[in-house]
Amino acid sequence: MKRREFLVLGASVAALTACPTLPEKPQTVAPPARPARKPRIALALGGGAARGFAHIGVIKALETQGIVTDIVTGTSAGSVVGSLYAAGFGAFDLQKLAFQLEESKFTDWALFDRGFLKGEALEAFVNKQVGGKPIEGLRRRFAAVATDLGSGEMAVFTSGNVGQAVRASASVPGVFSPVLIRGHEYVDGGLVSPVPAHAARQLGADIVIAVDISERPSGKKGSGSVDVLLDTISIMGVRIGQYELREADVVIRPRIKGLPSASFEQRHQAILEGEKAGFAAIAAIRQKISAWSPR
């Protein structure tokens with residue numbers, strides 16, 4: 001072999017040996033893992049007239065433990081507290097407002113009607129507190145549950161006038177006049193849904209925390225006619241509530257037996273009992289959250 005050919009061949013071999021070894025198969029890069037979706041937590045607040053102040057205590061317990069709710073449903077008194085909570089009121093704001101409330105603000109008498117209170121004062125109060133926003137404009141998704149007086153079916157308000165929906169949800173028959181909305185009359189939601197757990201599921205909740213203040217009558221002898229009427233509705237709602245509460249993951253029951261249903265006198269005690277019951281349920285709530293997984 002000539003010297004020139006030897007040099008060319010040697011250079012070619014050197015070039016080949018200098019090339020890096022190619023992998024046998026192309027390497028694949030796994031796509032970044034999607035963050036796990038957090039469960040949508042709903043708070044279903046039941047009816048119970050003035051005992052509804054207990055809802056504030058429950059919210060206070062949840063907030064101090066860092067449990068954030070995405071959906072709020074309310075029946076009757078629960079719709080009043082729930083609408084304000086959904087609008088952005090924190091537990092301490094609600095408590096401050098509760099202590100400032102005067103019963104006279106809601107006593108707009110109705111003469112020659114099907115209830116001795118109109119309920120317009122309650123509607124105006126709620127709309128003022130939420131800044132005139134519609135239901136769909138609140139910070140949290142909210143639904144007020146009422147009863148269609150014509151059909152007896154449950155009505156779930158998820159849009160429109162907040163105060164009007166709350167007024168319909170809280171219109172106890174015989175106490176408040178029925179509320180006319182788009183050609184239908186509505187009364188208290190406690191007749192069909194004492195604790196609105198089913199409505200919370202309808203709104204897409206993964207975990208439902210229900211607060212039940214509706215099944216315990218005051219037990220006081222000699223109560224006024226309004227107390228008797230409200231206790232009667234509570235007793236009627238016991239069995240309905242038992243079925244609906246099956247849709248709740250955690251049920252909180254403040255010890256409010258004996259507290260008046262038609263008076264603000266013991267609002268502080270109701271809030272305290274709600275707070276105690278809320279703290280007692282924290283472990284169960286955390287367990288449900290940690291055990292939840294998307295289907």
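# Close-up views of a predicted model

**View 1. The lining of the second largest pocket.** The residues that line the second largest pocket divide into 3 nonpolar, 1 polar and 5 charged. They are Arg201, Asp206, Ile207, Asp249, Lys288, Ala291, Trp292, Ser293 and Arg295. The volume of this pocket is about 200 Å³. Rolling a probe the size of a water molecule over the atoms shows where empty space is left. As in every view below, the structure shown is a predicted model.

**View 2. The chain as a whole, for orientation.** The chain contains 10 helices and 10 strands. Of its 295 residues, 49% are buried. Among contacts between residues at least 6 apart in sequence, 77% join residues at least 24 apart.

**View 3. The crossing of helix 2 and helix 3.** Helix 2 spans residues 53-64 and helix 3 spans residues 77-87; their axes come within 10 Å and cross at roughly 35 degrees. From helix 2, the residues His55, Ile56, Ile59 and Glu63 take part in the contact, and they meet Gly78, Val81 and Tyr85 of helix 3. Sorted by class, this contact has 4 nonpolar, 2 polar and 1 charged residues.

View 4. Ile56 belongs to helix 2. Ile56 counts as buried because its relative accessibility is 4%, and the cut-off for a buried residue is under 20%. Leaving aside residues up to four places away in sequence, Ile56 touches Val81, Ala91, Leu94, Gln95, Ala98 and Ile271. Ile56 and Asp93 are 37 residues apart along the chain, and their C-alpha atoms are separated by 9.5 Å.

**View 5. The two sides of helix 4.** Helix 4 covers residues 91-100, and its buried residues include Ala91, Leu94, Gln95, Leu97 and Ala98. These residues lie on the same side of helix 4, because they cover an arc of only 165 degrees around the axis. An α-helix has 3.6 residues a turn, so residues three or four places apart point the same way. Phe92 and Lys96, on the other side of helix 4, are exposed. The buried residues of helix 4 pack against helix 2, helix 3, helix 5 (120-129) and helix 9 (267-280).

**View 6. Ile181 in strand 7.** Strand 7 consists of residues 179-181, and Ile181 is found in it. With a relative accessible area of 5%, Ile181 is buried. Leaving aside residues up to four places away in sequence, Ile181 touches Phe157, Gln164, Ala168 and Tyr186. One of these contacts, Gln164, is 17 residues from Ile181 in sequence, and the two are 8.3 Å apart in space, C-alpha to C-alpha.

View 7. Arg182 is located in the loop between strand 7 and strand 8 (184-188). Its relative accessibility is 69%, and Arg182 therefore counts as exposed. Most residues other than glycine have a negative phi. Arg182, however, has a positive phi, near 50 degrees.

View 8. Ala49 is placed in the loop between strand 1 (41-45) and helix 2. The phi of Ala49 is near 55 degrees, a positive value in a residue other than glycine. Ala49 counts as partly exposed because its relative accessibility is 27%.

Definitions and conventions:
Residues numbered from 1 in each chain as written. Predicted model: local features only at pLDDT ≥ 70, side-chain atom pairs only at ≥ 80, totals over all residues. Heavy atoms only, no water. Axes fitted to C-alpha atoms, helices over the stretch in contact; angles between N-to-C directions. Helix = DSSP H or I, 4+ residues; strand = E, 2+ residues; numbered from the N terminus. Contact = heavy atoms within 4.5 Å. Nonpolar A, V, L, I, M, F, W, Y, C, P; charged D, E, K, R; others polar. Buried < 20%, exposed > 50% of the residue type's maximum accessible area, 1.4 Å probe, protein only. Arc of directions from axis to C-beta. 1 Å grid on protein atoms, 1.4 Å probe; cavity = no way out; pocket = protein on both sides within 12 Å on 5 of 7 lines; lining within 4 Å. Points joined across faces, edges and corners; volume = space filled by probe spheres on them.
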